[in-house]
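Here's a quick briefing on some helix packing and charged pairs. Have the viewer open as you read.

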Amino acid sequence: MYKRDTLFALPLEKLGDWKFDKEIVEVFPDMIERSIPGYSDLISMIGILSRHCVQNNSLIYDLGCSLGAATLSVKKNIQAIGCKIIAVDNSPYMVDRCRHHINIVNCNTPVEIIMMDICKVSIHNASLVLLNFTLQFIPIEDRQRLLDSIWRGMNLKGVLVLSEKLSFSDKEIEALLLKTHYDFKRDNGYSALEIQQKNRMLNKVMITENLETHKKRLDIAGFEHHNLWFQSINFGSLLALKSNIN
């Protein structure tokens, strides 16, 4: 049973730097639901999407799988045969708890859970790759290289799901959406102190970018077709389709 997230009510000096440690894992589902608008809907839609894009005898990669919510959604919905899901995270606490979640769900599609830096994963025979709020934690200088590697390892008509917290070039829109997201968290029970302290910690490790920057990277990687398919306040998800092999 997961706890309610009260971590950020502690004095800032006791919180330390942000890391996906045991304490974060114990409150992670509650934290996500109360912090990311539309998260449950997105996870459900990823499962439905997998019915249409997962190819027979192919691999599905969930890069930065955390506790395996997206992996489970895909696993429950796959209609193709001969497939395997590879779920990767670099937090030993996330990986341990993810294995527990996956093992209690009895579905035909096997799942391999790996503790590894996602930038070191060798992608091949992939029909679906998930980067669900993961790229924002990767150093900016490594992001293009990761997307290039994903494109090279994908099958023709393979699909990438890229979900991120977004920043906005229009500063008036940016300010309005930040205020709206702040109210979303307040309405979900976070205090002003908790919101402020969590933001301070995350800002050291999570660098958000605007939609135009993400689309430009996808173009460079080789994805000819990409579009925003989900957005709630300042959180969005893009679909990118591999339609040719250079």
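**Salt bridges and helix packing**

Arg-145 and Asp-142 sit 3 residues apart in helix α6 (residues 140-152), which is about one turn of the helix. Helices here are DSSP runs of H or I with at least four residues, strands are runs of E with at least two, and both are numbered from the N terminus. This is a predicted model, where local features need pLDDT of at least 70 and side-chain atom pairs count only at pLDDT 80 or more, while totals for chains, interfaces and linings use all residues. Residues are numbered from 1 along each chain as its sequence is written, and side-chain values use heavy atoms, with hydrogens and water left out.

**Salt bridges**

- A search of the whole structure turns up 6 salt bridges, each being a side-chain nitrogen of Lys or Arg within 4 Å of a carboxyl oxygen of Asp or Glu.
- One of them joins Arg-145 to Asp-142, with the closest N and O atoms 2.8 Å apart.
- Arg-145 is exposed, at a relative accessible area of 52%, whereas Asp-142 counts as partly exposed at 22%. The cut-offs are under 20% relative accessible area for buried, over 50% for exposed and in between for partly exposed (1.4 Å probe, protein chains only).
- Lys-84 and Glu-112 also pair up through their side chains, at 2.8 Å from N to O. This pair links distant parts of the chain, with Lys-84 in strand β2 (residues 84-89) and Glu-112 in strand β3 (residues 111-115), 28 residues apart.
- Lys-84 is partly exposed, with a relative accessible area of 29%, and Glu-112 is partly exposed at 31%.

**A buried pair and its network**

- Arg-143 makes a salt bridge with Glu-209, and their closest N and O atoms are 2.8 Å apart. Arg-143 is in helix α6 and Glu-209 is in strand β6 (residues 209-210), so this pair ties together parts 66 residues apart in sequence.
- Both Arg-143 and Glu-209 are buried.
- Arg-217 joins in as well: Arg-143, Glu-209 and Arg-217 are linked in a network of salt bridges.

**How α2 packs**

- Helix α2 (residues 22-35) packs against helix α5 (residues 92-103) at an angle of about 45 degrees, with the axes 8 Å apart. That makes α2 oblique to α5.
- For reference, axes are lines fitted to C-alpha atoms, for helices over the stretch in contact, and angles run from 0 to 180 degrees between N-to-C directions. Under 35 degrees counts as roughly parallel, over 145 as roughly antiparallel, 65 to 115 as roughly perpendicular and the rest as oblique.
- In the α2 and α5 contact (heavy atoms within 4.5 Å), Lys-22, Val-25, Glu-26 and Phe-28 of α2 meet Tyr-93, Met-94 and Arg-97 of α5.
- α2 also packs with helix α7 (residues 171-187), at about 135 degrees and with axes 8 Å apart. α2 and α7 are therefore oblique to each other.

**Around Asn-155**

- Asn-155 lies in strand β5 (residues 154-167) and is buried, with a relative accessible area of 19%.
- Leaving out residues up to four places away in sequence, Asn-155 touches Gln-55, Ser-58, Asn-125, Ala-126, Ser-127 and Lys-242.
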